[in-house]
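Work through the exercises below with the structure in view. Try each task before you read its solution.

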Amino acid sequence: MVGVGLAVFLLLGLVRPWGMVFPRWTLWLAGHRVPRFLPLAPVWLIAPTLALYGTGSLAYAFFTEYGVVSLGAAASIAFGGYGWALCIAAVSYQIRTRPSCADTASP
């Protein structure tokens, strides 16, 4: 249950505004920007694995069961869905937190 809680916390941190700035309860870090690599490093290690495992095992379940969804297929949907959700949230976070280019041309 702790792992699931941490996984949901990570996913919410990627899609909510408080994932870009440390919250008040982080005493010495409160108000500072979260470094981009901090949430993205674990996501890009975990998300492709879950997405490929879930998608691949779902395809395997469909081929072995001839289209009948079994309990194993439900678990595959859960793993694949969470993996793809993490991938989409990570891309969104990267776009929202990318550094902006300064305009070097002065009028």
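**Exercise 1. Decide whether Trp-25 is buried or exposed.**

Step 1. Locate the residue. Trp-25 sits in the loop between H1 and H2.
Step 2. Take its relative accessibility, computed from this predicted model. The value for Trp-25 is 60%.
Step 3. Apply the cut-off. Exposed means over 50% relative accessible area. Trp-25 is at 60%, so Trp-25 counts as exposed.
Step 4. Look at the surface around this residue. Trp-25 belongs to a nonpolar patch, together with Val-8, Phe-9, Leu-12, Val-15 and Trp-18. Together the patch residues have about 600 Å² of accessible area.

**Exercise 2. Classify Pro-35 and Thr-97 by accessibility, then find how far apart their C-alpha atoms are.**

Step 1. Pro-35 is in the loop between H1 and H2. Thr-97 is in helix H3.
Step 2. Classify Pro-35. Its relative accessible area is 32%, so Pro-35 is partly exposed. Partly exposed covers the range between the buried limit of 20% and the exposed limit of 50%.
Step 3. Classify Thr-97. Its relative accessible area is 7%, so Thr-97 is buried. Buried means under 20%.
Step 4. Give the distance. Pro-35 and Thr-97 are 62 residues apart along the chain, and their C-alpha atoms are separated by 9.2 Å.
Step 5. Thr-97 and Val-34 are 63 residues apart along the chain, with 9.6 Å between their C-alpha atoms.

**Exercise 3. Classify Gln-94 and state its distance from Leu-14.**

Step 1. Gln-94 lies in helix H3, which spans residues 71-97.
Step 2. Its relative accessibility is 29%, so Gln-94 counts as partly exposed.
Step 3. Gln-94 and Leu-14 are 80 residues apart in sequence. C-alpha to C-alpha, they are 9.2 Å apart in space.

**Exercise 4. Describe the largest pocket: what is its volume, and which residues are closest to its centre?**

Step 1. The volume of the largest pocket is about 280 Å³.
Step 2. Its lining has 13 residues, and the closest to the centre are Phe-9, Trp-18, Gly-19, Phe-22 and Val-34.
Step 3. Helix H1 (2-15) and helix H2 (37-65) are the elements that give two or more residues to this lining.
Step 4. Sort the lining by class. There are 10 nonpolar residues, three polar and no charged ones.

**Exercise 5. State how many helices and strands the protein has, and what share of its residues is buried.**

Step 1. Count the elements. The protein has three helices and zero strands.
Step 2. The order is α-α-α.
Step 3. Find the buried share. Of the 107 residues, 25% are buried.

Key:
Residues are numbered from 1 along each chain as its sequence is written. This is a predicted model: local features need pLDDT of at least 70, side-chain atom pairs count only at pLDDT 80 or more; totals for chains, interfaces and linings use all residues. Side-chain values use heavy atoms; hydrogens and water are left out. On a 1 Å grid over the protein atoms alone, a cavity is a set of points where a 1.4 Å probe fits but cannot get out, and a pocket is an open set with protein on both sides within 12 Å along at least five of seven lines; lining residues have an atom within 4 Å of a point. Grid points are joined across faces, edges and corners, and a volume is the space filled by probe spheres set on the points. Helices (H or I, at least four residues) and strands (E, at least two) are DSSP runs, numbered from the N terminus. Ala, Val, Leu, Ile, Met, Phe, Trp, Tyr, Cys and Pro count as nonpolar, Asp, Glu, Lys and Arg as charged, and the others, Gly among them, as polar. Patches are made of residues with over 30% relative accessible area and no salt bridge: like charges are joined within 9 Å, nonpolar side chains (Val, Leu, Ile, Met, Phe, Trp, Tyr) within 5 Å. Accessible areas come from the Shrake-Rupley method with a 1.4 Å probe; for residues, only the protein chains shown count as cover. A salt bridge is a side-chain nitrogen of Lys or Arg within 4 Å of a carboxyl oxygen of Asp or Glu. Buried means under 20% relative accessible area, exposed over 50%, partly exposed in between (1.4 Å probe, protein chains only).
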